[in-house]
Amino acid sequence: MEAIGKFVDWANGPIWGVGMLVLIVGSGLYLSVGMGFFQFRHFKDMWSRIIDKQDSESGISSFASFCTTMAMRIGTGNVAGVAVALFKGGPGALFWMVLAGMTNSAVCFAECTEAVIFKTRIDGQYRGGGTYCAERGLGWKAYGAFMAAVIMIGTAAFMPAAATYTICDGFESALHIPVIISAAVIALIMAVVVIGGVKRISQVASAIVPFMTVIYLACTVIILVMNITRIPAAISLILKCAFSKQALMGGGLGIAIQQGVKRGTFSSASGMGEASPTAAAAETSHPVKQGMANAAGVWLDTVIVCTASGIMMILTGCYNTQFGYIGGERFPVLHEQLAALAAENYSGVKFVQIAVSTVMGSAAPLFIAVMLALFSFTCLISYYYEAETGMVYLFQGDGKEGIRKTATWILRIGMPILIFIWGNIENGLAWNISDLALGFTTWVNMLVVLLLSPKCFAAYRDYEAQMKAKKDPFWDPRKFDWKGIDKEMWMNINKKYIEEEK
């Protein structure tokens, strides 16, 4: 296991180096400029697209799609991931994480809009995503197959590592439950949920995501109120660490930026292709509507929830950094706990549990463990759907229905087994494995997103024109002479709108 850890750590170096910073931040700026910074100009419209509850036999509603996508986004990265960012990059990493979230919303918008444009119907359900965009949008069938394999293996086998470990870590810290028991329970519940397919996944996500988000943010508000006089100092510290050459309490400005962008990208999953299959599954009249809803999701996930976690830890001083800073000076007992964690070189959910304990006392570890279990479990079921979409793509075509069904059952059984295994490894390896899968899929997916960006811009202009004309925007495939669009499907989806235009 030590050899695997060293290899994964080595591989993450080039994948998450300067090139990734340029790719994610540069792409976010390019797409934001190309659409006139829509995430600010259409801020209200962006949020309104979330509540569309229209669905059909082939697709789920925009709201269900949003919740399923948020199930993946609001997860491990929003709690434990922020603690890792502060540990590795200092308080300044939080600033760069939030900034990355704002620009990443444009990346997410683009990949989700493109996924909806080039989606199709297979076995009675909408299917789409980066793989379909590569084949249908660019004509790159071989690359689409390569993408499908990468995404399927990454989301099913490796990305769940951090989420699974974090759930087990939270309950071990709160209730001293052995990780092997927590891992077994997670695997069993996971199997029950995914057997029900996308409809059950979306139903579970729609029920859990709004509840867990509201409760978690309410906890943050309480901590803000209890520490209101310390807020200006906390903001000043974040900004100083974000721009200081030494990145106070961190290892340098470059590390603060790298950790902020990495954890912001992990949290939002923008650019890696996770959100696009779920976006494609939505029943929507125009691709940009779903792109808007998913862009709003990045704001909720990274700009709001990640900030909540970071502020909780910084306000209470309940965090450490790998460069020698040990928090908790205001609370001597907590300082002892943080010093013990520093001696272990630990980074993870326990920092958030300690921060919340300053308000909730001994109930805090269990509260955060439950919240994190909900956050991370919904993340796991979303990973399953991404993996299933990749698998369906690999075995698409008439006459392969039997192969698809068999492969689906292998995935439904195999992924819970892997989840059980990941619950029993150590913290650093779990995060590094997830980072490796995330980084690799991001490089593979962003090539397609950027090459198809002119079509995304065209779809956005069409949407804006209809909005200015006071119309309910709908996608008419006859307007665009693009290969790869399933025109028959779109004509059927928007039959009512098209007939009204005659």
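How are α11 and α19 oriented to each other: parallel, antiparallel, perpendicular or oblique? The model examined here is predicted. In it, helix α11 covers residues 179-194 and helix α19 covers residues 364-394. Their axes lie 10 Å apart and pack at an angle of about 50°. Angles under 35 degrees count as roughly parallel, and 65 to 115 as roughly perpendicular. The two helices are therefore oblique to each other. Their crossing is right-handed.

The residues that meet at this crossing can be named. On the α11 side they are I186, I189, M190, V193 and V194. On the α19 side they are F377, L380, I381 and Y384.

The chain as a whole has 502 residues, of which 61% count as buried. Its secondary structure comprises 24 helices and two strands. Contacts between residues at least 6 apart in sequence were also examined, and 80% of these join residues at least 24 apart.

An unreviewed UniProt entry places the feature "transmembrane region" at residues 15-38, 138-163, 175-195, 207-228, 296-315, 366-385, 406-425 and 437-460. Two of these spans were compared with the model. Residues 175-195 are 81% helix and 0% strand. The end C-alpha atoms of residues 175-195 lie 30 Å apart. Residues 366-385 are 100% helix, again with 0% strand. Here the end C-alpha atoms are 29 Å apart.

T389 is found in helix α19. Is T389 buried or exposed? Its relative accessibility is 3%, so T389 counts as buried. Beyond its neighbours within four places in sequence, T389 is in contact with R127, G128, Y132 and P277. The pair T389 and P277 is separated by 112 residues in sequence. In space, their C-alpha atoms are 6.7 Å apart.

T220 lies in helix α12, which spans residues 197-226. T220 has a relative accessible area of 5% and is therefore buried, since the cut-off for buried is under 20%. Which residues does T220 contact, leaving aside its neighbours within four places in sequence? They are A308 and M312.

Note on methods:
Residues numbered from 1 in each chain as written. Predicted model: local features only at pLDDT ≥ 70, side-chain atom pairs only at ≥ 80, totals over all residues. Heavy atoms only, no water. UniProt positions renumbered as here; feature names shortened; annotations may be inferred. Helix = DSSP H or I, 4+ residues; strand = E, 2+ residues; numbered from the N terminus. Buried < 20%, exposed > 50% of the residue type's maximum accessible area, 1.4 Å probe, protein only. Contact = heavy atoms within 4.5 Å. Axes fitted to C-alpha atoms, helices over the stretch in contact; angles between N-to-C directions. Parallel < 35°, antiparallel > 145°, perpendicular 65-115°, else oblique. Left-handed = near helix turned anticlockwise from the far one by under 90°.
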